[in-house]
Amino acid sequence: MLTSHHPRSRESQQHVPAARGGVAEPSGHVLAVGTPGPRLDRLTRTLVSTGHEVSHAEPGDVSRQMRHSPPDAIVALDDADADAGLEVIREVRAVPAGRALPLLMVTSDPGPTGVADMLRGGADDCVAETSDPVELSARIEAKLRRVPVPVENLLLDPRTGLYSQPHFLGELDRELKRVDDSRTGGVVAMVGVAEIASLEARLGPRVRREVAERLAGVAEKLGGVCDRLGWDDEGHLLMLMPGVDEDTARRELQNFANAVAGTRFVVADENVRLTPAIGWIPLADCADRAQAVAGARNAVEESIRHRDLRPVKYAAWMRGTHRLSRRTLATALRTLLSALSPVLVLLFGVGIPFVFYQQMYELGWDVGSAAYWVVVSGLVLSAALIVLECLFSLDAKPRPERPAQPYPPASAVIAAYLPNEAATIVDTIESFLRLDYPNELEIVLAYNTPHPMPVEETLREMARRDPRLVLMPVAGSTSKAQNVNAAVTRVRGEFVGIFDADHHPVPDAFQHAWHWLSGGYDVVQGHCVIRNGESSWVSKLVGVEFEAIYAVSHPGRTRLYTFGVFGGSNGFWRTDLLARTRMHGTMLTEDIDSTMRALHEGARIATDRTLISRELAPTTLKALWNQRSRWAQGWLQVSLKYLWRGLRSPAFTARQKAGLLVLLGWREIQPWLTLQILPVLLYSAWRAGGVNHLDWAVPVCLLATLFTLSAGLVQALFAWRLAVPELRRRRAWFWRYLLVSTVFYSHFKNIVARQSLLKEVLRDRQWRVTPRPGDKAVKRT
């Protein structure tokens, strides 16, 4: 039997190789696979006595142990069951790194049929358990001491199980020729990792190969249309997807990106999250392999910039060869049309409908009268929805009094653009350092700045004094989304709160957020309160409006439609969900976009008006216009992207789909519907022979007008009733809000919404930063 002639304790057997001829001769690292027991102990003694370093793995745990500590060879017991032995073989060979490793099976039944099955199944050799230990050692060493072959000459890299770069490029050449001959299509993709530079700086150059292996393992597990994987000298994973159309390739690559982002990997014995950056190019667009690889690499660089998990298709502008004059002309045209947008709104919203009603009347169709009743019904419906939200807000689900699980480590991510927020950021950081949380709380400031700023030295000094503060400059970032995406792979907390750089959450905010998350929710949105209401009449207006939004509408909608809407700042996510979801910087309301993708995954989102964070409001009408214009256009983007998809999705109930119709459909129709009152009145005056011939005292019209106006009164009353104490004391603010909203602000927001539709049509998506007044300018309420 396989027994050692020099028995020792098990501990010494695993760490001190036995001597052969009086000299210790380590012969490589062997992974012994088998169920713990006497047989595995005997095998271990045999391997140690013949000079091998030994580690162990039970069947089913082989792939994890191989990733944690890659062996030079594997010796496995068949556990007296041929099927179990074949299962171990399949497990080893399923891991990329296990494809090229020597695998020896030690069998208790050396019958020829069982041996043949194991050899056909992928084993390199089979040894009877009764064999001499010297024979087993010789068989292992015969495979370990083969004549070395340079990696570049191997078809598969022995460490990763991937095609070496030359062989992958050879495969790519063959596929490119097939595309030329048969036009079957196909895609080549390259996968980078946004964190690779920092990982290499911390853990050494070996991480590039390890990361490529981890990525390949995910691709192998998913299967799909990718049948050849390789890697290049920079550690990028290369993926060849022959014969697939672009939609299929994009979908498969997105699934791969989501799977990678949702997995925690062990790299160089460290637990890390990875952000895959995928660039791809259709084979039909490539003249040769050099163009294919260069195009995919350029797309990877663009994907790394956004860190939002979306695969990026190569475009010519990514290599800087696009025509500047053409882009300049397009930009100038968009600017001109945007400047003319008020005229265009009147043309499309008033002029064309009026002419249409006239012409249809001449043909004998009184469409204008029907349009009148449609407009009136729409206004009544809008008012009824507002009243319903108010009523349901009274019955909003209360926060659980206690957490269902102990408080875990938590993280706060503050996204900042320093040139705009240098005056507020220090005060914000100080408020976060005063938070009260019973476990570890790290505070990550993820920021971007086009040039160094003096405030950075102040922040570095604060970080030196308090290790909870982590400064994370995000090079090349142009948006909050990119800052958050960069931070989510760095945070250590089980859940993470996201905040803008002017937010001051209440001391127990993270504790209260965990009460929701520990009870089965995935995201909770808190109540944003304005703290600079005394600064101007605009900030007073916004202060009351925020109470109508966060204290009334959000809780009311959540209760009415059974799902919440994540507003971005003062929102708390389970870290794993945020890592899979990320934020898309191309969306002007990236937080609402993330909400919809999370809801499609089945996430539960709560709203809590008692979870308070105080922030700064715009103080001028221009700043308010820019902010609301971005919000309105962002909502429109989300509506266009998700409304129809949501209505068809089985992930939503009928009640939730009704909520989607209101939030993503009706909100886009309503501003244009209210505008139709003008062409309808013009048409009615034209048909009656003049304005003085119109009857303004129609009872139904008067009742509809009174009901519509009363909705604003109801909303203001509920906002005051549910407001935070410091604002509830400001009754005059609420009366002023009611007056200004009725005669001006509601029309202002409708104008913004209509302008935003034209901007989206013109693809004018410029991000206009909301100025921060600075805390010195804030009068405490």
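**View 1. Strand 15 (residues 410–417) runs parallel to strand 18, with 6 bridges joining the two.** We're looking at a predicted model here. Within this pair, Asp 500 of strand 18 sits opposite Ala 415. Strand 18 also pairs with strand 21 (residues 571–574), this time in the antiparallel sense and over 4 bridges. There, Phe 495 has Arg 574 of strand 21 as its bridge partner.

**View 2. Strand 18 (residues 495–500) is mostly covered, with 6 of its 6 residues buried.** So what points which way from strand 18? Phe 495, Gly 497 and Phe 499 go one way, while Val 496, Ile 498 and Asp 500 go the other, and all are buried.

**View 3. Five strands line up in an open sheet with the order 4-3-5-6-7 and parallel pairing.** The edges belong to strand 4 (53–57) and strand 7 (125–128); each has a single partner strand, so one side of each is left without a neighbour in the sheet. On average, and ignoring direction, neighbouring strands of this sheet are turned by 25 degrees against each other. Look for Val 33 standing opposite Ala 57 in strand 4.

**View 4. Helix 18 (residues 509–517) is largely enclosed by the rest of the structure, because 9 of its 9 residues are buried.** Which residues of helix 18 are buried? The run goes Ala 509, Phe 510, Gln 511, His 512, Ala 513, Trp 514, His 515, Trp 516 and Leu 517.

**View 5. Helix 19 (residues 537–561) packs against helix 22 (residues 621–648) at an angle of about 35 degrees, with the axes 9 Å apart.** From helix 19 come Trp 537, Val 538, Val 542, Glu 545 and Phe 546, and they meet Leu 621, Leu 624, Arg 628 and Trp 631 in helix 22. Sorted by class, this contact has 7 nonpolar and 2 charged residues, and no polar ones. A handy reminder for reading it: an α-helix has 3.6 residues a turn, so residues three or four places apart point the same way.

**View 6. Stepping back, the protein chain has 27 helices and 22 strands.** Of its 781 residues, 53% are buried. Take the contacts between residues at least 6 apart in sequence, and 77% of them join residues at least 24 apart. The accessible surface of the chain comes to about 34900 Å², with 58% of that belonging to carbon and sulfur atoms.

Definitions and conventions:
Residues numbered from 1 in each chain as written. Predicted model: local features only at pLDDT ≥ 70, side-chain atom pairs only at ≥ 80, totals over all residues. Heavy atoms only, no water. Axes fitted to C-alpha atoms, helices over the stretch in contact; angles between N-to-C directions. Contact = heavy atoms within 4.5 Å. Nonpolar A, V, L, I, M, F, W, Y, C, P; charged D, E, K, R; others polar. Buried < 20%, exposed > 50% of the residue type's maximum accessible area, 1.4 Å probe, protein only. Pairing = 2+ DSSP bridges. Areas by Shrake-Rupley, 256 points an atom, 1.4 Å probe, with all protein chains shown as cover.
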